[in-house]
Amino acid sequence: MRLPRFMLVGGFCALLNNLSVVGFSLVGIHYVWATLLAFGPILIIGYRLHCSITFDAPASWASLARYAAAMLANYPLWFASLYLLGDFGNLPTAISAPVATIFITLWNFLCTRWALSRAVTPFHETRSANRG
């Protein structure tokens, strides 16, 4: 049951990412900079959606750090795909970005499952413990 939910949430995040990267490229921003600009907001959106919908996991600083590390690990694959398809293959970003997304979908699922399925202290328990 997790894979269909992952595909729904991941597809939504991939759509947001592709719209952002393609949109930035249409106004003259290189795909590397466009990807970096889109990273933060989409990271937070994806993390919260995967916690609540895909894996029904509590949000925590530890799982957020693992999720961010896993998503950062995607970028060498993402940039290599964009380079091969766009710079080397002469495809426009509007085509190369979605194709690169398809290439890294399985990797994303495995990394996200790893990041969110470990036992951790939820955000709200961490804040309560810090208050004394």
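Reply: C51 is buried, with a relative accessible area of 4%; buried here means under 20% relative accessible area and exposed over 50%, with partly exposed in between (1.4 Å probe, protein chains only). Before going on, please keep in mind that this is a predicted model, where local features need pLDDT of at least 70, side-chain atom pairs count only at pLDDT 80 or more, and totals for chains, interfaces and linings use all residues. Residues are numbered from 1 along each chain as its sequence is written, and side-chain values use heavy atoms, leaving out hydrogens and water.

C51 is one of the buried residues of helix 2, a list that also includes Y31, A38, F39, Y47 and T54. Helices are DSSP runs of H or I with at least four residues, numbered from the N terminus. Helix 2 covers residues 31–54, and its end C-alpha atoms are only 29 Å apart, whereas a straight helix of 24 residues would span 34 Å; that expected span is 1.5 Å times one less than the number of residues.

Now to the bend: helix 2 has a kink of about 40° at F39, shortly before the proline P41. The bend at a residue is the angle between axes fitted to the seven residues ending there and the seven starting there. Just after helix 2, D56 takes a positive phi of about 45°.

Back to cysteines: C13 is buried too, with a relative accessible area of 9%. Counting a disulfide as a pair of cysteine sulfur atoms within 2.5 Å, the model has zero disulfides.

Definitions and conventions: Helices (H or I, at least four residues) and strands (E, at least two) are DSSP runs, numbered from the N terminus.
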